[in-house]
Amino acid sequence: MQSAQTISSVRLESDDVRILRALQIDPRIGFAAMASVLGLSEPTVGRRYRRMVRQGVVRVIGVVDPGALGQSQWMVRLRCRPGGGTALAEALAQRDDVSWVALGGAGSEVTCAVRSRSQEQRDDLLGQKLPRAASVIDLEASVVLRKFLGGRGRYWAALSGFLTPEQEAALGSGDSPVLDAPIVSQEPIQLSVHDEKLLAALATDGRASLVDLAAAADLTPGRTSRRLQTLLTHQLAYIHVEIAPAALGYQVRSNLWLRVHPAEIKTVGGVLAQLPEVGFVAALSGRYNLHATVHFRNLDELFDFTSDRVGTLAGVESMEVSPVFRQIKQAGTLVSGDHLVDPRSSTTSRRR
């Protein structure tokens, strides 16, 4: 069993991390079922989970996959005038179609992930608003071609080893990465008004009870259950467990922009997806064809990782290391310091 972590005034004990790992495997598992597998009491599991939510360690949210709506996803790098990056990044973070925002280059570079749900929304942001922003000097937009980690892909491996194989099997873990599924659906799905309401409720709390979801969607609990299962099965949405990296001891984060030989992209992406330091990796269009977000305890670890582990991978031709100066939003969740911000004014609703 690995040791507890103490980070930024938040202390995670081993049972806390076991709960996080259980949520990775089944984000909507009830506290009673989780407690049975982990050998804890139901009140203990509920209390620890709610405390981690209040402390900004974890958020469980429903995320719409724009690919199922026929839309592409983009990674955008913006070079800004001195002093102009922060305001632009904070404004982008307020947009629902921007799921990830980071400041780099001591505040002069903004990196963001754009997940627009319509072509008009995407074109307005990438083709109109950003090019005309006074603080923007240069814009580079790359379409996401394939995700190896993040979204519907493999779990973040930083939590591997906290549960036994038997416990993971009991929770339903297959740990199967979705490496070869297309980003954009061949037959986009049409959402109903009820679907939109259901997805909006899940975006606030991915563990909300069926009764609460039914009330939000104006449906009966039975119909809500069936519709939720349909949306998840058809991969229009997925339940995402977002964890603050600092809570696991990772105080340093960086973007890696890799140029990889085309024949090796799948191999390199798959290798990176299994490493505990890597939180996201995807193949992109453009001059850098692979992007990864990585987390470390200090800059020495970042240096060793990029030189000894990534730089030696077959097919890696070049790499740009861009440390994150400040994380503003991740996976649709605003970030304050090292902590995830829960938008609800009250404590997390209790789910049994």
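Mentor: The turns below set values against definitions. This is a predicted model, in which local features need pLDDT of at least 70 and side-chain atom pairs count only at pLDDT 80 or more, while totals for chains, interfaces and linings use all residues. Residues are numbered from 1 along each chain as its sequence is written, and side-chain values use heavy atoms, with hydrogens and water left out.

Trainee: How many helices and strands does the protein have?

Mentor: The secondary structure comes to 11 helices and 14 strands. Both are DSSP runs numbered from the N terminus: helices are H or I with at least four residues, strands are E with at least two.

Trainee: What makes the pair Arg 18 and Asp 15 a salt bridge?

Mentor: A salt bridge is a side-chain nitrogen of Lys or Arg within 4 Å of a carboxyl oxygen of Asp or Glu. In the pair Arg 18 and Asp 15, the closest N and O atoms are 2.7 Å apart, so the pair meets the definition. Both residues lie in helix H1 (residues 14–25), three residues apart, about one turn of the helix. The structure holds 16 salt bridges.

Trainee: Why is Arg 18 called buried?

Mentor: Buried means under 20% relative accessible area, exposed over 50%, and partly exposed in between (1.4 Å probe, protein chains only). Arg 18 has a relative accessible area of 9%, so Arg 18 counts as buried.

Trainee: Which residue forms a salt bridge with Arg 95?

Mentor: That residue is Asp 97, with the closest N and O atoms 2.9 Å apart. Asp 97 is buried because its relative accessible area is 3%.

Trainee: How do you know that Cys 80 is in no disulfide?

Mentor: A disulfide is a pair of cysteine sulfur atoms within 2.5 Å. The structure holds zero disulfides. For Cys 80, the nearest cysteine sulfur is that of Cys 112, 9.8 Å away. Seen from Cys 112, the closest cysteine sulfur is in Cys 80, and 9.8 Å is too far for a bond. Cys 80 counts as buried because its relative accessibility is 4%, and Cys 112 is buried too, with a relative accessible area of 0%.

Trainee: Why are the buried residues of helix H8 said to be on the same side?

Mentor: In helix H8 (residues 210–217), the residues Leu 213, Ala 214 and Ala 217 are buried. They cover an arc of only 100 degrees around the axis, which puts them on the same side of H8. The arc is that of the directions from the helix axis to the C-beta atoms. The face turned away from the buried side carries the exposed residues Val 211 and Ala 215. Helix H7 (193–204) and helix H9 (221–233) are among what covers the buried residues of H8. After H8 comes Asp 218, whose phi is positive, near 60 degrees.

Trainee: How many bridges link S13 to strand S14?

Mentor: S13 and S14 (residues 339–340) pair over two bridges, in the antiparallel sense. Val 335 stands opposite Leu 340 in S14. In this hairpin, also with two residues between the strands, Gly 337 takes a positive phi near 65 degrees. S13 (residues 333–336) has a covered face, Thr 333 and Val 335, and an uncovered one, Leu 334 and Ser 336.

Trainee: How much of the protein counts as buried?

Mentor: Of the 352 residues, 52% count as buried.

Definitions and conventions. Contact means heavy atoms within 4.5 Å. Two strands pair if DSSP finds at least two bridges between them.
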